[in-house]
Amino acid sequence: MLREIKNVLDPGELRAIHAELGRAQWQRGGDSAGAQAAAVKNNEQLAHESEAMRAIRQIVLQAFDRHPVFFSATLPKRVFPPRVNRYSGATNAFGAHVDNAIRFAPDSGLRIRTDISCTLFLNQPEDYEGGELLIRDGFRDHAIKLAAGDAIVYTGSTVHEVLPVTGGVRLACFFWIESMVRDATARQLLFDLDTTIMRLRAAHGDDESSIALTGTYHNLLRMWAEA
Ligand code: NI
């Protein structure tokens, strides 16, 4: 699974986030990675407990909450509190790694299984050189660099890296999602079905067939989801 989620943040939210980033304290990024990942991690992060991080986290979570594609694609059960990272100068890359399967949320201590990883881009691709998020799906590498306010969600089990930023500053928000539907194939099938139902309803309105298919969607979700 590899899916772009467009326009998560509107221009006002991006401005508010950048105002917070202006007063942010940064720290070396090693603390949120596992041992293998920490060895190749060379970036900075916003202090988890900082006021700026709390404010940004609230904006980001509200934005994802109202985004229908994000919900349909990930079927979130638990979300790890989003964090923000910065790549520039000498702290400019994150080598190949797989994210830890289980994360402990810092505040609640809640365990979160990282079914899905999410990166939300906070500044424009023109603002920096390099810095692509490289995701290996087994067949080929996907080099991803999206507009500010757009996000990518991808299967947590993939090897990925952030290529060196050779000029400018790359700012992004990242977090993990434990899905109500653990099986990635089942989740994909539900997403495809939901998307097709939406298209049918847009073309023909609600008729007997779209109502029946909607029922099928919910019955599959009931069968597979752990709420
Ligand atoms: Ni990672």
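**Cores, salt bridges and a nickel site**

R78 counts as partly exposed because its relative accessibility is 29%. Here, buried means under 20% relative accessible area, exposed means over 50%, and partly exposed is in between (1.4 Å probe, protein chains only). The model is predicted, so local features need pLDDT of at least 70 and side-chain atom pairs count only at pLDDT 80 or more, while totals for chains, interfaces and linings use all residues. Residues are numbered from 1 along each chain as its sequence is written, and side-chain values use heavy atoms, with hydrogens and water left out.

R78 pairs with E178. Their side chains meet in a salt bridge, with 3.6 Å from N to O. A salt bridge is a side-chain nitrogen of Lys or Arg within 4 Å of a carboxyl oxygen of Asp or Glu. E178 lies in strand β17 and R78 in strand β5 (residues 76–79), so the pair ties together parts that are 100 residues apart in sequence. Helices (H or I, at least four residues) and strands (E, at least two) are DSSP runs, numbered from the N terminus. E178 is buried, because its relative accessible area is 6%. Side chains of opposite charge can pair when their charged atoms come close.

The whole structure holds 12 salt bridges. One of them joins E49 to R54, with the closest N and O atoms 2.6 Å apart. E49 is partly exposed at 42% relative accessibility. R54 is also partly exposed, with a relative accessible area of 44%. D206 forms a salt bridge with R201, where the closest N and O atoms are 2.9 Å apart. R201 has 36% relative accessibility, so it counts as partly exposed. Salt bridges also link E4, K6 and D150 in a network.

The largest nonpolar core has 29 residues. A nonpolar core is a set of buried Ala, Val, Leu, Ile, Met, Phe, Trp, Tyr and Cys residues joined through side-chain atoms within 4.5 Å. In this core, L21, L46, F64, V84, L120 and L122 touch the most other members. Two or more residues come from each of α1 (11–21), α3 (51–65), β10 (116–121), β14 (151–155) and β17 (170–179). The most come from α3, which gives 7 residues. Contact means heavy atoms within 4.5 Å. Leaving aside neighbours within four places in sequence, F64 is in contact with V8, F70, C118, L120, A151 and F175. A second, separate core has 13 residues, among them Y87, F121, L146 and V162.

The model also contains a metal site. The protein donors of the nickel ion are H97 (NE2), D99 (OD) and H160 (NE2). These donors lie 2.1 to 2.2 Å from the ion. Donors are N, O and S atoms within 2.8 Å of the metal (3.2 Å for Na, K and Ca); water is not among the atoms, so sites may look incomplete. Along the chain, the donors of the nickel ion follow the spacing H-x1-D-x60-H. H97 and D99 are both buried.

S88 is in the loop between β6 (83–87) and β7 (93–97). S88 is buried, because its relative accessibility is 15%. Apart from its neighbours within four places in sequence, S88 is in contact with E44, G168 and V169. N7 has a positive phi of about 50 degrees, although N7 is not a glycine. N7 sits in the loop between β1 (2–5) and α1. N7 is exposed, with a relative accessible area of 59%. L75 has a positive phi of about 45 degrees and is not a glycine either. L75 lies in the loop between α4 (68–74) and β5. L75 counts as buried at 0% relative accessibility.

L189, M223 and W224 form a nonpolar patch on the surface, with about 300 Å² of accessible area together. Patches are made of residues with over 30% relative accessible area and no salt bridge; like charges are joined within 9 Å, and nonpolar side chains (Val, Leu, Ile, Met, Phe, Trp, Tyr) within 5 Å. Accessible areas come from the Shrake-Rupley method with a 1.4 Å probe, and for residues only the protein chains shown count as cover. M223 lies in helix α6 (residues 208–224). M223 is exposed, because its relative accessibility is 56%. M198 is in helix α5 (residues 184–204). M198 is partly exposed, at 45% relative accessibility. M198 and T214 are 16 residues apart along the chain, and their C-alpha atoms are separated by 9.4 Å.
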